[in-house]
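Dear colleague,

My findings follow it, arranged by region.

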Amino acid sequence: MGMDMEVTELLTFPALLALLVFVLSVPFITKFVKTRKHPNLNLPPGSLGWPVIGETFEFLRRGYEGEPELFIRERMEKYDSRVFKTSLLGEPMIMFCGAAGNKFLFSNENKDVQVWWPTSVRKLLRSSLVTKVGYEAKTMRKLLMSFLNPEALKNYLAKMDTVACCHITNHWQGKEDVLVYPTVKLYAFELACCLFASIEDAILVFKLSPQFDEFLKGVISFPINLPGTRFHRAMKAADAIREELKLIIKKRRVDLEEKRASPTQDLLSYLLVTSDSSGRFLTEKEIIDNILLLLFAGHDTSRSVITSVIQYLGRMPHVYEQVLEEQLEISKGKEAGQLLQWEDIQKMKYLWNVASEVMRLSPPVTGSYREALNNFTYAGYTIPKGWKLSWSTSSSHKDPAFFPDPDHFDASRFEGAGPTPFSYAPFGGGPRMCLGQEFARLEILVFMHNIVKRFKWWLLIPNEKFLHDPMLKPSKGLSIRLQPLQI
Ligand code: HEM
């Protein structure tokens with residue numbers, strides 16, 4: 001009886017929770033202990049921080065404060081401006097800095113390094129492209145790319161323009177004030193849903209949108225799958241989205257068979273009917289995971305850039321005026337209601353230079369990850385096989401050697417040949433560079449063209465801070481006051 005009492009007391013919820021946390025932490029602890037056993041190696045300088053947690057909280061804190069570059073810069077100054085070691089998200093990690101670091105990582109894919117994403121990303125995006133390496137990644141990238149290359153995107157320009165026009169009519173027109181970040185999300189998410197899976201039913205989009213928010217919050221998090229954690233909520237949201245996609249696929253297969261759907265109408269149809277270069281069709285799981293990946297990778301990044309561009313234009317009326325002039329020139333000669341043509345996009349040079357300069361100063365993504373495939377030497381230090389490696393946009397984007405007066409906004413940096421190779425990397429680089437760069441360019445240009453033509457605006461909080469969570473976003477949503485233009 002006494003014994004029974006003790007066992008019952010021990011099995012209280014907090015005790016069970018502690019036990020579970022301990023069990024889940026064992027792999028991290030083992031990794032941490034192993035990592036510290038490198039006494040004879042000339043590892044890059046730096047600190048591995050606290051057991052298990054490493055320097056993750058400091059890294060995330062800097063992001064939440066809107067200054068992720070400080071985490072990197074302080075360590076570059078303290079240890080070595082080329083490379084330093086740290087420990088993030090349960091992994092010992094070596095941070096490669098500046099354009100030289102980017103060049104090394106981007107040029108050595110599948111030789112000394114290969115792409116790697118934190119456990120949270122891999123567990124959430126399962127069999128999608130981001131978890132593939134080598135030949136498998138090459139064929140999957142090629143397959144997805146044939147939907148996302150400029151030639152293919154030409155076919156979707158009219159749809160993008162239509163979605164942007166409707167969005168502005170529904171959510172901007174007639175309003176005095178707009179909260180930009182959540183509003184632009186509707187455009188980016190609607191567009192991704194429409195072009196990737198023809199999800200146009202407003203009720204379904206409305207249902208999926210908050211699930212995506214939960215999913216996104218957990219993408220870069222500690223992969224501890226316990227109720228109450230961000231990761232747990234993200235896993236549940238991903239499962240719910242997968243179930244919806246399963247139903248959509250089931251219906252699509254029938255529609256394709258009965259010719260009610262076209263094989264080129266969206267990414268989903270395309271993946272169902274197209275094999276990769278080795279003749280293999282993706283499995284249903286792979287199709288679902290890749291659509292989930294593109295929905296994830298494709299809408300928050302672009303909305304972050306659009307929101308930042310709106311802030312910069314609000315702060316710099318002379319830049320806004322120049323953008324407006326270019327866009328009105330494009331609209332001139334068009335009949336009312338005539339949609340944008342591919343040639344129009346090529347004429348939006350100044351607007352794209354402005355967006356590029358915004359991404360230099362305020363990159364939406366802080367960087368990404370690789371893994372060492374062999375022991376090798378970099379900057380005189382040993383990089384051990386299996387260690388995780390990272391690069392950051394901020395360490396080269398603000399380097400005065402490549403961008404004189406680096407904090408000053410100057411869109412002309414992107415004229416002509418543009419920045420020195422590897423110094424500017426908002427989309428990463430090398431064989432694993434962002435797959436959606438062209439899609440994003442189109443999405444941003446089409447949206448900004450439509451907004452600038454219709455409105456002038458003022459920032460209601462002029463110096464609102466932007467923070468990373470995990471993408472760059474305004475801390476208060478970016479409130480603006482609109483003045484419609486009579487054109
Ligand atoms: C302004 C918007 C965007 C930015 C700044 C951005 C940035 C990035 C970055 C930094 C990476 C990692 C690259 C590397 O490790 O070298 C990446 C990967 C990726 N992005 Fe984007 N992205 C954007 C929009 C998009 C869009 C619209 C899509 C899809 C339609 C997309 C799909 C992907 C995919 C699939 C990958 C993984 C590629 C691979 O592993 O091979 N991205 N992106």
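Helices, of at least four residues, and strands, of at least two, are DSSP runs numbered from the N terminus. With that numbering, helix H14 gives the most residues to the shell around the ligand, namely 6. Please bear in mind throughout that this is a predicted model.

The ligand and its surroundings

I begin with the ligand. Its iron atom has Cys 434 as its only protein donor, through the SG atom at 2.3 Å. Cys 434 is placed in the loop between helix H18 (393-397) and helix H19 (437-454). In total, 25 residues surround the ligand, and the closest are Arg 141, Ser 368, Arg 370, Arg 432 and Cys 434.

An N or O atom in the side chain of Arg 141 lies 2.6 Å from an oxygen atom of the ligand. For the side chain of Arg 370, the corresponding distance to a ligand oxygen is 2.8 Å. A polar backbone atom of Gly 429 is 3.2 Å from an oxygen atom of the ligand. Helix H14 (284-315), strand S5 (367-372) and H19 are the elements that give two or more residues to this shell. Sorted by class, the shell holds 16 nonpolar, 6 polar and 3 charged residues.

Which residues does Thr 139 contact beyond its neighbours within four places in sequence? They are Asp 276 and Ser 277. Thr 139 belongs to helix H7 (residues 134-148). Its relative accessible area is 7%, so Thr 139 is buried.

Ser 275 is located in the loop between helix H13 (267-273) and H14. Because its relative accessible area is 26%, Ser 275 is classed as partly exposed. Beyond four places in sequence, Ser 275 touches Leu 143, Arg 280 and Phe 281. Ser 275 and Met 140 are separated by 135 residues in sequence, while their C-alpha atoms are 9.7 Å apart in space.

Ser 146 is also part of helix H7. With a relative accessibility of 28%, Ser 146 counts as partly exposed. Setting aside neighbours within four places in sequence, Ser 146 is in contact with Ala 152 and Tyr 270. The side chains of Ser 146 and Tyr 270 make a polar contact at 2.4 Å, and these two residues are 124 apart in sequence, with 9.5 Å between their C-alpha atoms. A polar atom of the Ser 146 side chain also lies 2.6 Å from the backbone oxygen of Leu 143.

Helix H11

Helix H11 (residues 202-219) comprises 18 residues. From its first C-alpha to its last, H11 reaches 25 Å, close to the 26 Å expected at 1.5 Å a residue. At the start of H11, a side-chain oxygen of Asp 201 comes to within 3.0 Å of the backbone nitrogen of Ile 203. The buried residues of H11 include Leu 204, Leu 208, Phe 212, Phe 215 and Val 219. Among the elements covering the buried residues of H11 are helix H6 (119-125), helix H10 (180-197), helix H12 (230-257) and H14.

Is Gln 311 buried or exposed? Gln 311, which lies in helix H14, is buried, with a relative accessible area of 3%. Not counting residues up to four places away in sequence, Gln 311 touches Leu 459, Pro 462, Glu 464, Phe 466 and Leu 478.

Backbone details

Three further places deserve a look. The peptide bond from Asp 469 to Pro 470 is cis, with omega near -15°. Pro 470 sits in the loop between strand S10 (466-468) and strand S11 (472-474).

Lys 259 has a phi near 60°, a positive value in a residue other than glycine. Lys 259 is in the loop between H12 and H13 and counts as exposed, at 71% relative accessibility.

Phe 422, likewise a residue other than glycine, has a positive phi near 75°. Phe 422 is part of the loop between H18 and H19 and counts as partly exposed, at 29% relative accessibility.

With kind regards

Technical notes
Residues numbered from 1 in each chain as written. Predicted model: local features only at pLDDT ≥ 70, side-chain atom pairs only at ≥ 80, totals over all residues. Heavy atoms only, no water. Donors = N, O, S within 2.8 Å, 3.2 Å for Na, K, Ca; no water. Near = heavy atom within 4 Å. Polar contact = N/O pair within 3.5 Å; in protein donor to acceptor, adjacent residues only side chain to side chain. Nonpolar A, V, L, I, M, F, W, Y, C, P; charged D, E, K, R; others polar. Buried < 20%, exposed > 50% of the residue type's maximum accessible area, 1.4 Å probe, protein only. Contact = heavy atoms within 4.5 Å. Expected span 1.5 Å × (residues − 1).
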